[in-house]
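Dear colleague,

Please find below the structure that I am handing over to you.

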Amino acid sequence: KIEGRVFVQFIVDKEGKITDVQTVKGIGGGCDEEAERLLRESKNWIPAKQRGKTVKVRMNIPIVFKR
């Protein structure tokens, strides 16, 4: 019965794999761990490009929990 936003930081590497997942600002109640698990188990993302080359990038996103 917890609602709120969990801010998660992670890296998308050159192959699109998600690494170094960590909670930046959490709400507790198991939501922080679930947000991290969700990202770790997600499929590969499209890697970032800079000047035509794929690069790794650090991202911060909010994951919203609602009842």
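The side chains of Glu 3 and Arg 67 form a salt bridge, with an N to O distance of 3.7 Å; the term denotes a side-chain nitrogen of Lys or Arg within 4 Å of a carboxyl oxygen of Asp or Glu. Glu 3 belongs to the segment before strand 1 and Arg 67 to the segment after strand 5, so this pair ties together parts that lie 64 residues apart in sequence. Helices (H or I, at least four residues) and strands (E, at least two) are DSSP runs, numbered from the N terminus. Glu 3 is partly exposed, with a relative accessible area of 48%, whereas Arg 67 is exposed at 71%. Here buried means under 20% relative accessible area, exposed over 50%, and partly exposed in between, with a 1.4 Å probe and protein chains only.

Please note that this is a predicted model, in which local features need pLDDT of at least 70 and side-chain atom pairs count only at pLDDT 80 or more, while totals for chains, interfaces and linings use all residues. Residues are numbered from 1 along each chain as its sequence is written, and side-chain values use heavy atoms, with hydrogens and water left out.

The structure holds four salt bridges. Side chains of opposite charge can pair when their charged atoms come close. One of the bridges joins the side chains of Glu 34 and Arg 37 (2.4 Å, N to O). These two residues are three residues apart in helix 1 and are therefore separated by about one helical turn. Arg 37 also forms a salt bridge with Glu 41, where the closest N and O atoms are 2.7 Å apart. Through shared partners, Glu 34, Arg 37 and Glu 41 are joined into one network. Glu 34 is partly exposed, with a relative accessible area of 32%, and Arg 37 is partly exposed as well, at 35%. Glu 41 is exposed, with a relative accessible area of 56%.

Helix 1 spans residues 31-40, and its buried residues are Cys 31, Asp 32, Ala 35, Glu 36 and Leu 39. Viewed down the helix axis, these buried residues fall within an arc of 140 degrees, so they line one face of helix 1; the arc is that of the directions from the helix axis to the C-beta atoms. Their cover includes strand 1 (4-12), strand 2 (18-25) and strand 5 (57-65).

The largest nonpolar core has eleven residues: Val 6, Val 8, Phe 10, Val 12, Ile 18, Val 21, Cys 31, Ala 35, Leu 39, Ile 63 and Phe 65. Such a core is a set of buried Ala, Val, Leu, Ile, Met, Phe, Trp, Tyr and Cys residues joined through side-chain atoms within 4.5 Å. At least two residues of this core come from each of strand 1, strand 2, helix 1 and strand 5. Strand 1 supplies the largest share, four residues. Leaving out residues up to four places away in sequence, Val 21 touches Val 8, Gln 9, Phe 10, Glu 36, Leu 39 and Arg 40, contact meaning heavy atoms within 4.5 Å.

Strand 1 runs antiparallel to strand 5, and nine bridges join the two; strands count as paired if DSSP finds at least two bridges between them. Met 59 in strand 5 is the bridge partner of Phe 10. Strand 1 is also antiparallel to strand 2, to which five bridges join it, and Val 8 stands opposite Thr 23 in strand 2.

Gln 9 is found in strand 1 and is buried, with a relative accessible area of 17%. Apart from neighbours within four places in sequence, Gln 9 is in contact with residues including Asp 20, Val 21, Gln 22, Arg 58 and Met 59.

The hairpin of strand 1 and strand 2 has five residues between the strands, and Gly 16 takes a positive phi near 90 degrees there. Glu 15 lies in the loop between strand 1 and strand 2 and is exposed, at 53% relative accessibility. Glu 15 touches Asn 44, Trp 45 and Pro 47, not counting residues up to four places away in sequence. The C-alpha atoms of Glu 15 and Ile 46 are separated by 7.9 Å, although these residues are 31 residues apart along the chain.

With kind regards
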